[in-house]
Amino acid sequence: MRFDAVTLFPEMFDAVLDYGITRRALDRGLYRFRAWNPRDFTDDPHRTVDDRPYGGGPGMLMLAEPLDRTLNAVRQDVAAEGLTPWVVHFSPRGRPLTQSRVMELKDVALDRKRALVLLCGRYEGIDERLLQLRVDEDISLGDFVLSGGELPALALMDAIIRQLPGALNDAESALQDSFSDGLLDCPHYTRPEVWQGMAVPEVLKGGNHAAIAAWRREASLRLTAALRPDLLDKRQEQD
Ligand code: 9D3
């Protein structure tokens, strides 16, 4: 699968490309990535990518024209591989990202031969006309204020990449399967058996796998009820 990020800060994407599971998946050839800087698609000496908003007010906006040229270059580049772009714009006005949308976007990319194009805004945002013309979907990370779309784009990439077939090793995959049911994960313990006077639950030290599974299920339900009762309500809606 292929990701293309349109961003004024391409180096930020090293956070996914250079570390951990997402780095290993890149080495395994499970996805490819290319960053595109709209500054490279300007033609004035100052390489201007922003300007002041009509109507006044604080802050700057990203110009439509450099972004339009950038997206044209992306479209041409992905077409050479038989792909068409699916343009995701990261924005506070977007739908909050969920695991089910993560899974759908992975399928959009793999089955429908789309390159996921991650359009990252900076400053106060992007000229509305560019968004109207070029964006397929708006995604938010939640109701809090960030400085731009890069961190949400990185979060989406990380969430998708770990779902690609072959990204996780067997242990990591098994762990995921048993908790992909809308509940919070149960508590985990490792050595020593007693730390700071706190003991590991007795059942986890025996070899009774059915009892351990039951304890973990119960602990998950209890934690979810206490910390995220909204998740239990959502599960009931789905059943
Ligand atoms: C504080 C400025 N806001 C009111 C004038 C508007 C605003 C503009 C640009 C708020 C945030 C941003 C930059 N944020 C993103 O690009 C962004 C984001 C976010 O801030 N929160 C959650 N998800 C996302 S996705 C992209």
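Helices (H or I, at least four residues) and strands (E, at least two) are taken from DSSP runs and numbered from the N terminus. The legends below use these names for a predicted model.

**Figure 1. Overall view of the predicted protein chain.** The chain holds nine helices and nine strands. Along its principal axes, the C-alpha trace spans about 70 × 40 × 40 Å. Of the 239 residues in the protein chain, 37% count as buried.

Figure 2. The space that the ligand takes is the second largest pocket.

**Figure 3. Glutamate 150 and the polar contacts of its side chain with threonine 7 and arginine 122.** Glutamate 150 lies in helix α6, which comprises residues 150-161. Is this glutamate buried or exposed? Glutamate 150 counts as buried because its relative accessible area is 0%, and the cut-off for a buried residue is under 20%. The side chains of glutamate 150 and threonine 7 are joined by a polar contact of 2.7 Å. A polar contact of 2.9 Å links the side chain of glutamate 150 with the side chain of arginine 122.

**Figure 4. The cis peptide bond from arginine 191 to proline 192.** Most peptide bonds are trans. The bond from arginine 191 to proline 192 is instead cis, with omega near 5°. Proline 192 is found in the loop between helix α7 (170-177) and strand β8 (194-195).

**Figure 5. Arginine 47, a residue other than glycine with a positive phi.** Most residues other than glycine have a negative phi. For arginine 47, phi is near 50°. Arginine 47 has its place in the loop between strands β2 (32-36) and β3 (50-51). With a relative accessible area of 38%, arginine 47 is partly exposed, since this class covers values between the buried limit of under 20% and the exposed limit of over 50%.

**Figure 6. Lysine 113, a residue other than glycine with a positive phi.** The phi of lysine 113 is near 50°. Lysine 113 is placed in the loop between helix α4 (99-111) and strand β6 (114-120). Which class of accessibility does lysine 113 belong to? Lysine 113 counts as exposed because its relative accessibility is 52%, and the exposed class begins over 50%.

Notes:
Residues numbered from 1 in each chain as written. Predicted model: local features only at pLDDT ≥ 70, side-chain atom pairs only at ≥ 80, totals over all residues. Heavy atoms only, no water. 1 Å grid on protein atoms, 1.4 Å probe; cavity = no way out; pocket = protein on both sides within 12 Å on 5 of 7 lines; lining within 4 Å. Sits in = over half its atoms within 2 Å of the grid points. Buried < 20%, exposed > 50% of the residue type's maximum accessible area, 1.4 Å probe, protein only. Polar contact = N/O pair within 3.5 Å; in protein donor to acceptor, adjacent residues only side chain to side chain.
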